[in-house]
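Dear colleague,

Please find the structure below, handed over for your study.

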Amino acid sequence: MIMADISLGPSLICKSFPLSFSISSSPNLLLFRFSSSSSQISRSLLPKSMANPQESPSKNQIQPSLLVFSGGTAFNGVVEEMKKLTTRVAHVLPVSDDGGSTAEIVRVLGGPAVGDIRSRCLRLSDESTSEALAVRRLLGHRLPLDGAQARSEWYDIVEGEHSLWNGVSKPYRETIRAFLAYFQNQILRRASELFCFSNGSIGNFFFAGARIFFQSLDAAIFLFSRVSDIPSESLVLPVISTNDRLTLGCELWDGTIIRGQNEISHPSIGSTQPVDKKGTSVPALPSKIKRIFYMSSEGRNLLHEVFPTVNPSVLEQLSKVDCIVYAMGSLFTSVCPSLVLLGTGEVISLRSCPKVFLLNGSHDRETNGLSASGFVTAIADALNRTYGDSQNCLKNPPSQYVNALLVPKDGQIPVDAQSLSAQGIFRVVIVDSIHDPKVGIIFNPKSLIQALADLITEYKIAHSTEV
């Protein structure tokens, strides 16, 4: 294979600097307003990279380390801004997406869904040179919706004749083409399945080819990270490291069972059609979601619950990062799938550090009717596995999982302060927001990252005064 002589670069494992913090438990809810032009913490107390996140941190500075639970869409919008604060971030992503281009790959080739992982890797990729931009443009490209046009364009790409290859040097070209060709070979070996290239993601095809070649999702992420030149201290971690197909299920409070992430969150007509993330064009769920779990993807008993093992690297990072973040996005299908796995709640509950929940700016199909405390309850129930196997349930209060809430200004989710206080959550920060025409109110990225920087520094200062 062409890849044999290609150096994949240094290891992606980063060294963290764990800090232990004490948590204040004021009897009153502390409500702060935060904008990009103001902060409640004196800038003179902050490390340079945290006092002014607009400036990229230098390698000589000790950057804060974070772990972020998210999906592949909502948090992408703040990744660029976060790089200015720190690149020491472990991005934990689910592997159960079954919509769009990912669904077609899983249908024909099996294996875990890679769409969310590919999306985050692209956001983290280098943009400092013309070649880096060319590689990012190639791996971020989607084929046309028309099936015939998509197939024709795909052949031009895999044969190296498409204009997307312009600006990509021979070593990168040969490496990327090798795995695209391997993906094509796997498709041809299953010709009876009639693979549909409509709206297909070139990055997903490259990722799938690498995963199948190496028989390792971790190896595929490593290769993608090297090709797209992601900083070595930035980790992209599948919450479950597997080569098997995983299916998400949910149980509603009326007893209904729904199979598949796409069916839960944003049902669409045709697996390759773009999904409606906002959910305005899909019918409401007949009842609120009670719990999220994993279901068997093989055999006859497709409603059978299964219990996959959490990626050990996730638990390792959880045990030592300076801050844990539950990102905005699809609460039950993007964040909770990473929380329900055995061991995750146990580690988080024992950590003394900022545990920050980023509240959505608007409701979606999964969360209609929920208040801010309802979102927190969903996080706690997932980590406690409240409605799962009674032998594996935890009974920790929400405050052991969430101790700060960041809220976008003018958001639609009611912030029920009294209920939050009853949950033991006394720190609520209102952050500047912007209006996105596609999804509505979202965090202002600059203000959000500054708010996170201030929370981390507050804990650091509180800890240093106690030592």
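**Overview**

Of the 467 residues of the protein chain, 55% count as buried, where buried means under 20% relative accessible area, exposed means over 50%, and partly exposed lies in between (1.4 Å probe, protein chains only). This is a predicted model, in which local features need pLDDT of at least 70 and side-chain atom pairs count only at pLDDT 80 or more, while totals for chains, interfaces and linings use all residues. Residues are numbered from 1 along each chain as its sequence is written, and side-chain values use heavy atoms, with hydrogens and water left out.

The chain has 16 helices and 14 strands; helices (H or I, at least four residues) and strands (E, at least two) are DSSP runs, numbered from the N terminus. Among contacts (heavy atoms within 4.5 Å) between residues at least 6 apart in sequence, 76% join residues at least 24 apart.

**A covered helix and a hairpin**

Helix α9, residues 217-227, is mostly covered, with eight of its 11 residues buried. Among them are Leu-217, Ile-221, Phe-224 and Arg-226. The cover over the buried residues of α9 includes the helices α4, α5, α7 and α8, together with strand β4.

Strands β13 (433-436) and β14 (440-443) pair in the antiparallel sense over four bridges; two strands pair if DSSP finds at least two bridges between them. Three residues lie between β13 and β14 in this hairpin. Ser-433 has Phe-443 in β14 as its bridge partner.

**The second largest pocket**

How much space lies in the second largest pocket? The volume is about 570 Å³, taken as the space filled by probe spheres set on the grid points, which are joined across faces, edges and corners. On a 1 Å grid over the protein atoms alone, a pocket is an open set of points where a 1.4 Å probe fits, with protein on both sides within 12 Å along at least five of seven lines; lining residues have an atom within 4 Å of a point.

The lining of this pocket has 34 residues, and Arg-291, Ile-292, Val-340, Ala-382 and Arg-385 lie nearest the centre. Two or more lining residues come from each of β7 (289-295), β8 (305-306) and α14 (372-384). Strand β7 gives the most, with six residues. By class, the lining has 18 nonpolar, eight polar and eight charged residues. Here Ala, Val, Leu, Ile, Met, Phe, Trp, Tyr, Cys and Pro count as nonpolar, Asp, Glu, Lys and Arg as charged, and the others, Gly among them, as polar.

Ser-334 lies in helix α12, residues 331-335. Is Ser-334 buried or exposed? Ser-334 counts as buried because its relative accessibility is 9%. Leaving aside residues up to four places away in sequence, Ser-334 touches Ser-70, Gly-71 and Pro-94.

Ser-352 is found in the loop between α13 (344-350) and β10 (355-358), and is partly exposed, with a relative accessible area of 21%. The C-alpha atoms of Ser-352 and Ser-319 are separated by 9.9 Å, although these residues are 33 apart along the chain.

Cys-121 is buried, with a relative accessible area of 0%, whereas Cys-196 is partly exposed at 30%. The structure holds zero disulfides, a disulfide being a pair of cysteine sulfur atoms within 2.5 Å.

Yours sincerely
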